[in-house]
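Morning, everyone. I'd like to walk you through one contact today. Please have a look at the picture first.

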Amino acid sequence: MKTIPAPHGPDASAADLKNIDEVSLIELLEKVEQKHGFIPRDISDEVARLMEVKLERLRRIQGKLDSTIRRDVQQHVSHWRNEEGNLIMILHAIQNQHGYIPREVAMELSRELGVKLARIYEVITFYHYFKLVPPGAHSLTVCNGTACYLKGSGDLINEVRAQLGIAEGQTTADRQIHFDTVRCIGCCGMAPAMVVDGKTCGHVKTSDIPGQVAVLKAKKEKVA
Amino acid sequence: MKPLTRQDLAQFAAAPAADPAEWIRVQLDTGGIAAGAETVYAALEQARAAQPRPFTLLRTGSVGYSFADPVVEVQAAGMPRVHYGCLTPELAPRLLSEHFGAHRLLDDHVIATRRRGLKLDAPVTHLLVGDTGAAASSKTEFFQFSFQEELKRRGLADRVQVVRAFDMGIYDEGAVVQLLPSGVTYTNVLAPDVARIVTDSILGGRVLDDLLWKTPDKQVRIVLRHCGQVDPDSADDYLRRVSGYQALAKALFTLTPEQVIAELKVSALRGRGGAGFPTWMKWQLTRAQPARQRYVICNGDEGDPGAFMDRSVLESDPHTVLEGMMIAAYAMGASQGYFYIRAEYPKAVERIQRALDQARERGLLGKNILGSGFNFDAKIRLGAGAFVCGEETALIASIEGRRGSPSPRPPYPSVRGLWGMPTAINNVETLAIVPAILLQGGAWFASHGTDTSKGTKVFAVTGKVRNAQLVEVPMGTTLREIVFDVCGGVLDGKDIKAVQTGGPSGGVIPNPLLDTPVSYETLQQLGSIMGSGGMLVMDQSDSMVEVAKFYLRFCVDESCGKCAPCRIGGYQLLQVLDRISRGRGAASDIALIHRVCHAMQKASLCGLGQTAPNPVLSTLRYFGEEYQAFIEGGPSYARKAGKAAAAKPTGATTPPIPVPVPAKEASS
């Protein structure tokens with residue numbers, strides 16, 4: 001992001017304005033107004049034009065997105081078209097694709113299937129497996145099945161909470177690490193177990209948690 | 001691919017494919033893969049290039065030794081067949097060079113065979129030693145050394161190898177020695193016995209009767225008969241090597257549907273999902289219902305935390321389950337089947353899907369199967385993480401694409417089920433047993449077990465147990481035998497407090513009652529249920545109030561909210577328990593718990609609500625004094641108990657860190 005250029009006066013050149021985003025543009029206008037008590041015509045015209053250009057671009061992206069969503073949903077639906085009771089399987093396909101079920105996709109699905117959006121949301125919210133918010137880039141899941149519970153998964157959960165500063169089911173503010181607990185991953189032989197980015201670790205100790213979290217955080221920095 | 005015919009199957013049965021002479025089977029189920037079985041497989045594959053003798057590297061499911069994952073089974077010429085546990089990729093080259101090259105077993109990784117011999121029918125080549133006493137393995141090295149010295153003295157050192165075992169399968173019997181390949185096992189071996197064993201048994205070929213372990217293995221493998229033996233990804237392996245789909249052929253060509261049901265009636269097989277409804281009756285009722293379409297559903301929605309039997313069977317032996325489903329469909333006249341499997345079991349889903357595809361390719365699914373005129377096809381439906389969907393009416397709702405709310409019964413699904421059609425819902429384990437019954441006869445199956453509960457049952461024994469594993473025992477085996485004789489007792493030699501069966505719908509069974517033989521009825525009398533077969537071992541440090549709270553919270557989270565007794569009752573019960581565990585309970589709370597539990601049991605719509613109070617009631621029944629202690633001790637006692645519990649597991653040394661209260665709990 002470019003820093004807001006100090007307004008040079010009423011005759012700020014258009015070149016200065018070209019690479020500024022919307023927020024800076026509005027701030028610029030406000031500053032000019034504060035300084036002069038009014039906005040010079042040439043500046044306001046130029047700003048309005050730039051806004052229009054940006055808006056147009058946004059609409060185009062939106063349109064493209066809409067058509068992609070429509071195509072995707074149509075693909076999923078056509079695969080299951082002739083099956084009775086296909087809604088859950090289609091939702092699985094959508095979640096596999098996006099990692100969660102975006103509202104726009106659910107709306108498109110409702111149009112495509114001719115099923116009310118409320119019916120779709122009724123199903124999504126009933127099942128734990130379906131998510132309505134995008135998951136973080138990395139995930140850390142502690143198994144809280146009975147075997148793991150008996151072997152101290154509660155302490156693991158507390159430790160992760162303390163390390164990440166979030167509760168289970170939440171994602172860190174930078175949307176990088178998602179922390180969750182799960183009923184049972186079926187690895188009771190190696191309880192307490194934990195899944196870090198799809199890799200299952202068994203016989204986890206509380207002292208292992210800081211290391212695992214550090215690894216995830218390091219991954220995040222690499223991506224950034 | 002050309003569809004298979006009756007003749008093809010007869011040919012497979014007449015001339016089953018032989019095992020390759022030398023092979024390694026890597027057990028790749030979810031548990032094994034999580035422990036690194038894939039990397040072991042890759043390392044073995046890589047090391048194979050440098051290995052002069054060709055051997056076949058096979059992928060199989062799990063034999064059930066979860067404590068030893070990743071497990072591989074090795075067969076080499078001139079060597080006893082052994083399981084190796086806890087392998088690492090680094091060990092792979094050594095395994096090949098030692099086992100195939102030098103004919104030596106690896107120390108500390110061998111799992112002793114459970115097929116123990118009573119006769120020395122072959123010259124001893126390897127000697128497994130393991131100390132199974134309380135301070136396990138402390139004397140193992142001593143015995144290894146003594147045997148080696150003794151063998152050296154007799155000039156046998158290069159003929160017999162002494163190997164430290166990873167697990168002997170016998171527990172608390174002192175030093176145990178197993179002579180391979182015959183499997184003769186001596187227990188409570190003392191230092192003076194070493195010379196005797198070498199002279200008499202190894203040189204003389206005589207069995208020492210005073211040391212011999214004669215107790216036969218408690219386990220009988222019917223459901224798990226192919227687990228770890230067949231390649232779950234290969235229909236050919238199943239068809240050619242373990243007489244796969246022979247039971248189906250038998251049903252289609254030599255039995256009428258009525259005869260299939262009659263055979264099941266003889267076997268007295270009862271549903272393995274937990275309730276124990278006779279399977280033949282379920283099929284009969286579905287068959288008797290006039291309809292243009294009937295459905296058969298395999299319930300693989302194993303939501304019970306701490307249980308993994310169904311997952312293991314689906315992953316290790318998918319074709320058997322499919323074959324069982326097809327026989328069920330034939331018996332009740334269904335033409336469409338559904339596998340309802342948890343989405344959390346991607347491996348199971350993948351393998352069942354492959355099994356379906358392969359069966360369809362070979363004409364085992366579809367129209368006119370094997371030329372018999374029988375039509376059947378099956379599909380997978382994924383669960384989406386709702387425990388209540390294990391309940392049959394909720395499961396049907398979920399397959400229909402709705403939220404999984406149960407509906408009142410009757411009408412039962414066998415009358416009006418999936419899309420209003422008669423439907424039979426069978427557990428994975430039940431279906432896996434069916435082909436065995438048809439091949440070996442109902443009477444054979446009924447010869448196992450007790451009067452009212454026939455056959456065997458698979459349990460997933462986990463928790464504070466030394467060897468967490470899958471166990472298949474005949475009904476009527478006592479809990480103590482399962483926990484102590486098969487699984488080695490409690491972890492770290494602690495005292496057992498209770499065993500929990502049946503998951504969130506079951507109850508705890510305290511130590512003094514562990515000698516109860518396992519059957520549907522006995523467990524019910526004790527206030528628990530058989531359930532799907534999860535078995536949790538708890539030691540003295542586990543607080544029963546906390547355990548009850550854990551299970552109840554699970555049920556409260558999973559309640560679908562349709563009926564009030566479950567939705568409100570469960571929540572209120574949890575509040576009361578929470579209050580008690582914080583030391584703020586009142587003496588009247590115990591009576592209140594009983595009242596709420598009673599209401600839930602009587603008035604809830606489905607099994608979830610009716611059985612949710614079970615963990616609370618059974619802990620209250622057997623460990624009432626713990627509740628009393630919390631109530632009388634007040635907050636200070638509760639804090640102390642909490643601290644003791646926090647200091648307990650796996651030597652956590654970090655001081656408790658203030659924890660942000662999660663939103664969910666804050667509101668409750």
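Start with one pair. The side chains of Glu429(B) and Lys457(B) form a salt bridge, with 2.8 Å from N to O. Keep in mind that this is a predicted model.

Where does that pair sit in the chain? Chain B is split into five stretches: domain 1 (14-113), domain 2 (115-215), domain 3 (235-446), domain 4 (448-542) and domain 5 (546-668).

Now the whole contact. Between domain 3 of chain B and domain 4 of chain B, the count is two salt bridges. For polar contact, the count between these domains is eleven residue pairs.

Which helices supply at least two residues each to the side of domain 3 of chain B that touches domain 4 of chain B? They are helix 11 (309-316) and helix 16 (442-446) of chain B. Helix 16 of chain B gives the most to that side, with three residues. By type, the residues on this side of domain 3 of chain B are ten nonpolar, seven polar and four charged.

Next, distance and area. The centres of domain 3 and domain 4 of chain B are 26 Å apart, taken over C-alpha atoms. Domain 3 of chain B brings 21 residues to the contact, and domain 4 of chain B brings 26 residues. The two domains bury about 1800 Å² between them. Carbon and sulfur atoms give 56% of that area.

Last, three names. Arg270(B), Arg272(B) and Met309(B) supply 31% of the area that domain 3 of chain B buries against domain 4 of chain B.

Conventions:
Residues numbered from 1 in each chain as written. Chains lettered and ligands numbered in written order. Predicted model: local features only at pLDDT ≥ 70, side-chain atom pairs only at ≥ 80, totals over all residues. Heavy atoms only, no water. Domains from an automatic or database assignment. Contact = heavy atoms within 4.5 Å. Buried area = accessible area lost by both parts, 1.4 Å probe. Salt bridge = Lys/Arg side-chain N within 4 Å of Asp/Glu carboxyl O. Polar contact = N/O pair within 3.5 Å; in protein donor to acceptor, adjacent residues only side chain to side chain. Helix = DSSP H or I, 4+ residues; strand = E, 2+ residues; numbered from the N terminus. Nonpolar A, V, L, I, M, F, W, Y, C, P; charged D, E, K, R; others polar.
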